[in-house]
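Me: I would like to learn how to read a few features of a protein model. Could we take them one at a time?

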Amino acid sequence: MNKKTTLIVFLFLLGSLWASAQTKTITGKVSDSAGQPLVGITVLVKGSTTLGTTTAVDGTYELKNAPANAILSFSSIGMKSEESSAQGRNVIDATLTEDALNLEDVVVVGYGTAKLKDLTSPITNVKSEEITKHATSDPMQALQGKVAGVQITNSGIPGEAPHVRIRGVGSFTNENPLYVVDGMFYENISFLNNNDVESIALLKDASAAAIYGVRAANGVVLVTTKKGALNQRATVTYDGYIGFQRATNVMKLANSAEYTMMLKERGEGAFMDPIDLSIQRFGGTGGVPNTDTDWYKELLRTAKMQNHSLDVSGGTDKATYSVGLSYLQQDGIMNAKSDYERFNIRTRGDYQPYKWLKLGANVIISNSTRNSVNHDAWNKAFLVPSLMPVYDENNTAAYPVKYASTQALGLTNNLFMNPVALAEYDYKTREYSQVLPSFYAEIGILGNNKLTFRTNYSQDIRTRRTKDFAAQHIVASNQKNDKSILKKTNDDYKNYILDNTLTYNDSYGKHNLSVMVGQSIRSEKWQMLEGEAKGVPNARPEYIYVSQGEATSRIANDDGSRDRGASFFARATYNYDSKYMLSATMRADGSSKYQEKWGYFPSIGIAWNVTNENFMKSQKVFDYLKIRASWGQLGNDKVSASAGFAGIETGLEYSGVWNDVLSPGYISQNTFSWLKWEVVTETNVGFEAAFLNNRLTADFDYYSRTTNNAVVACPMPITGEKVDGNFGKIKNSGFELSLNWSDKIGKDFSYNVGVNMSTLKNEVISLKDNVPYVFLNGEAITTPGRPINTFYGYNVLGVYQNQAQIDADPVASKYNAENTNGKLVPGDLIYQDLDGNHVIDAKDRDYLGSPLPKFTYGGNIGLAWKNLDFGISFMGVTGNKIFNSKRGLRFYSNSINFDEDLVKNRWHGEGTSNTHPSSESLGKPWTVNNWSSFFVESASYFRIQNMQLGYTFQNIAPKGKQGAKLRIYASAERPFTHFTYNGFTPEIPDGRDTQTYPIASTYTFGIKLTY
Amino acid sequence: MKKMLKYKVVGLLLLTLFATSCNDYLDKQPENELPTVSVDFTDMSKAYEPCAGAYADLAKNCFGTWEFAIYQSIRGDYTEKGNGNDQPDFFSAVDFSYSNIKGAWFNTGIWKSIYGRVMNMNAAIESLDKFAANAKTDTDKAAIAHSRNEVRYLRALQHWMAFRLWGSIPVVDDNAKAPGITRAPYADVIKWIIKEMDAIAPNMEAKHPNQMAVKGSATRYSALALKAKAAAEINDWDNVLAATSLIIGDGKFVIYPDFDALFKTPGKLCSENLFEIQYTDFGQATGDEKGPGMFGPQGPNTSTSVFKGYTPGASVSTIVWSGEGKTSAAHGGGWGFLPALQKLVDAMDANGETIRKDVTIIDLGVRAPYTANKYGDVIARDPDKIETAQNRYWNGKWYVPIAQQIEGRYTWGGKNNVRIFRYADILLLDAEAKVNKGQSGDASYNLVHERAGFTAKTGVTLEDIYTERFMEMALEWGDRFYTLARTGKGVGVLTGYTAEKRFFPIPLEQEDLNPSLVLEPVPLF
């Protein structure tokens, strides 16, 4: 290749650089400290990204066209790198030792890669083995409890993406991180199989994330899918498991005897109607209904789950490939049409036709189907007492199945429905087809490819077909569908991103410099078309078409959106002798979405590798110590472009009626505002250290993130109508610490222990001028100095034990003098009269806790003896609260069922309880119309996240095919969870429990065959 | 060749990089959103639209909600909450345990329904002013001015309905004043309404609403009726009389002879009504409809069905309860709120009421499965559920026979209009004002009294007038309670009532939204 010509073209761009044209071929062998050959070691001419190769199975390599004075670097993940000069040598052997700190690991950063040791920011890289260990449908679910500062809340619904928060909550509108899969932006990665993932890198601080500008405020999750390695023979991997899921921590509700007792204590009379009616209709003994239905038992089942994946990957000296298939199937634990099925095909090829050119293409095709039912069934199971059976042959009106109706108990409003019937008659099927093609080309321009140009085009083509069908049915007048209702929705997404980057890498003595400039355009397009009809026959699934419905009932609707973005960005990293590191990024983001089109997001990071200093050579405490600090700004553009309504509303609803004649009319409103993105400013300081001969490592970070321009929905006076505006300022800060210990005892036994923990302090700094607080449904308040959505209400001091106590209490006696209904009696809650005016009123409300955990922790222990391995991981959160909304529903009806805690711990006579009100009090306005600490419970929990026992058969191939092995394992996912909250799970992202899906434990048996 | 290839590839890629013009690329209108609709304020054919919108908004978002009428009408000893234990918070409204409802959802919800409309009406007035600025002809100018007065009337009507609930309330006559607004003393709220009506009534058409080109829209007399009703709240008899004498003197209204038909479909926009909120199904079995929200909730509850085709006098045993979902059930009754109480029946019997009792009260009997009525309908209750259907008496004024409804759209109360002001109400106010001022109220009183089948009285006393009012207006908009409250006669009659409990507590949520509401009321004048 004639470098002169190339240079002439680019001379004016980048100045003069001259490289030697003398080349030679270098060979050699790489082995480990025990002398065993090492396969797949990268051998690279220092300063070049393309002039290199990898070692073959026997550890040998051959590198052609190497400069005569080249310095070769030998590196591999998990090994310490070595460098050797080729000056005067044509054969270079190398011995690599294991690297406990993985400092040479290359992690993906935005639009490039970097070595861990050169980073100025905390990036947590989670590898494939950590993810495939877990029997989860979404790779992010597998990260729960693994990464300090990342809070993951799983939902029990099959196929549902978990809720992910990185470093607290800085937005009211959107707290989801950005997912970047091979260059493409996503809102979640539930389309990926755990086995599709090579690694997940979490960019937590601004210095790492700011390169993603306006999308980065909630953190960035970089996902790399699997690829092959150069000079690697074809490796076939099968990984699969089958197992089952069972609900755990199922909360007990009152049985019929307890319910009868509670309502008798409530005050007999009309309250007893459901009991009397149950006895009349279904029989009873001694005033207690014979029927005793456990609705949760009726709704739950043991559900199966399985996953199979097959991967073939390998590479020659110029090309690598990886192809994979995976199939996941998961039934929901609700005994209804609830399941998830996903089939993925993944193929990736990378090819280097010339030294200066690398090409690659990657396609993932994901097809999945989710069947879900009306989850409100969980809620109804909580509300409906046990007094009626599931089926009732005498319910003559019921059609097509003779389900029992709550009307038989006199519960006629639609708060009450037969939960099993609800789960049966109302279902939704969602079919997803998703294709993710991406293509890149990388061109080396200057000598030794010091300057490379890369272009990357990625697409996300997605279709979601939703079929929402409510069958024709009658249980009773409060639960029926006179005509079936079918709604089909087709959502088409077509997104693309085109990135072009120029990267320049060079070294001058001890100065190492890397500069990247880039440009990106992206387009996000969504089109929706839906049709709806009534009276669709449902005898067979083949009939479920809108066109089978009644012609007059058909409605069509469509919608769409198209957002475009254009960005320019740059990053410069510099280090001096791997001691002092500096990294700076800048991104300019343009968006079609907002009135204000352009935003600018800078960041800077510095790091100091103290152990590389000469004065540290003599000390023995630190094997490694790096101190770093960073600052940067990030944006969140997942907020709407405008809020409110600036125009008029017309149509039938706003037309006047004059003696049965219509005349057009309109109403106008002026609650309108333009919005723009939220901006997070983040500072991070931390260190990484290794002690005790690299056996103990520590990562520590302190961060402080402040969201400016946070979109707050400030209510208008009087109407309470909320108008969004970029008013708020929210601060999140905390510490993150990870500690890992790993060691060997003897030759055969190795173990490791890791813990991670993080604290979170969430605080609203300011809302709008003159807006001291914003309420959420009355039970939570957002106000400066407190966390977002802090629960708010009266402090419960105890329970009135006797009449004398009531008479002596000025609050109670004043209340009783003024009200005829609901007078206070023993068994009622005592509220704290904070302002001492003897009336429990608005000024007596206090802050009762936040739904955000103050402390999150996780850990793992791994043991390996010969071929046997055992691992356990755990996690937990503390310091957060849940608002038990389900208990607060009693103001709708006195006939709602009771949870066991309310029964067992109720006040029922002097001295029986000072925490729980009497049965009578539970339904009184004093209790249910006053939000109080009685409804706020601790959300702390501790969970064993995973336990796994495995055995590996090494070298199973008959003809010495190295590396062929079979691992068999048994695994339990979430086998144990401890919490005190009176609900099914304390994992509720916003802390308001209405109808959560119970948690399931998953027990699986699996094999992994590598050949 | 290689170098040429590389040169070309790089050149091409760089070209794509710089060829894209960013700002063109970003200049993109949002999809599926028309630009903010701008009204053409010069098009006089649209000048009535803000006014029509105000009526429609009121009909839908205030009177169209079920809880609005319940909350307005729930107090008083002629009715109770009803519907078993459903919505138990309303119990505290009935028996004046107001500490319990400051935070109740309906207390704040209805505040928002009312004031949301007020704010929309203020915006409508702004729209009308813009039309007025462009109006060329006197006809257009006059029409817009009249529309503007109609909206002001509706806005005052909303304030009056808010006054009845909360007394000392903010007067929002300009949306700019809304943030941080304080309450006005309750008498000032009334004075403001009177002032508003004095300002607009003389400029409104002196017609019966059914004589208006826009049929049923507010006229001078609608405004005067509001003035009279409002003034009576503070015993301002001069203003009551000023208004009633104009209404009566102009002679546009007469007592509708048939007390029954008055409340049914034939009585829509009849000679007696000064103002109605109008609803319709356009006489069609399918398609658009605009239905009232207040009647259904006040019918007997869901285990009831109403059948048509019954011949009065025939045996009802041939009609068999056939359950829900069967086509033979014409419609499924109501929700069970606000049943009538025995006390009302007793009071009517004691007063010798026949015509009014027959119309006002539907008697379903004690656990009777069937009740045949004079309209040819049978009201049947599920025999299995009669045990829990404790309530016997229901509001007959809100009942519309099936024969007067469109097939396929049968409901309790049908698409009847909601009567706001009746001439009988005005006449009784007139009599009350006159007697209070030492004049004779006989003439007005007897017009009402005689229609009820009684003979004329002379020298009627205030007591006579109150009794007449209780009988005439029974179960209409809580008139029993509001009369007892404004006359100070509630204490001792209504269990748990004291003078301080005339008004509900200001909603907690509203005080949270606007802390100025906690302050002492600030006088308007």
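This is a predicted model: local features need pLDDT of at least 70, side-chain atom pairs count only at pLDDT 80 or more; totals for chains, interfaces and linings use all residues.

**A covered helix**

Reply: Among the elements that cover the buried residues of α15(B) are α10 (237-250), α11 (259-263), α13 (355-360), β7 (418-422), α14 (423-436) and α16 (462-472) of chain B. Helices (H or I, at least four residues) and strands (E, at least two) are DSSP runs, numbered from the N terminus. Residues are numbered from 1 along each chain as its sequence is written, chains are lettered from A and ligands numbered from 1 in the order in which they are written, and side-chain values use heavy atoms, with hydrogens and water left out.

Me: How many of the ten residues of helix α15 of chain B are buried?

Reply: Buried means under 20% relative accessible area, exposed over 50%, and partly exposed in between (1.4 Å probe, protein chains only). In α15 (residues 442-451) of chain B, seven of the ten residues are buried, including B:Y445, B:V448 and B:R451. Just after this helix, B:G453 has a positive phi of about 90 degrees.

Me: What is a salt bridge, and which residue does A:K814 pair with?

Reply: A salt bridge is a side-chain nitrogen of Lys or Arg within 4 Å of a carboxyl oxygen of Asp or Glu. A:K814 pairs with A:E818, with the closest N and O atoms 3.5 Å apart. An α-helix has 3.6 residues a turn, so residues three or four places apart point the same way. A:K814 and A:E818 are four residues apart in helix α10 (residues 810-818) of chain A, about one helical turn.

Me: Where in the chain do A:E779 and A:R992 lie?

Reply: Their side chains form a salt bridge at 3.0 Å, N to O. A:E779 lies in the loop between β45 and β46 of chain A, and A:R992 in the loop between β56 and β57, 213 residues apart. Both A:E779 and A:R992 are buried.

Me: How is the size of an interface given?

Reply: Often as the accessible area lost when the parts come together. Buried area is that loss (1.4 Å probe), summed over both parts. Between chain B and chain A it is about 7600 Å², with carbon and sulfur atoms giving 60%. The contact (heavy atoms within 4.5 Å) takes 91 residues from chain B and 89 residues from chain A. Three salt bridges cross this interface, one of them between A:D660 and B:K268 at 3.7 Å.

Notes
Buried area is the accessible area (1.4 Å probe) that two parts lose on being put together, summed over both.
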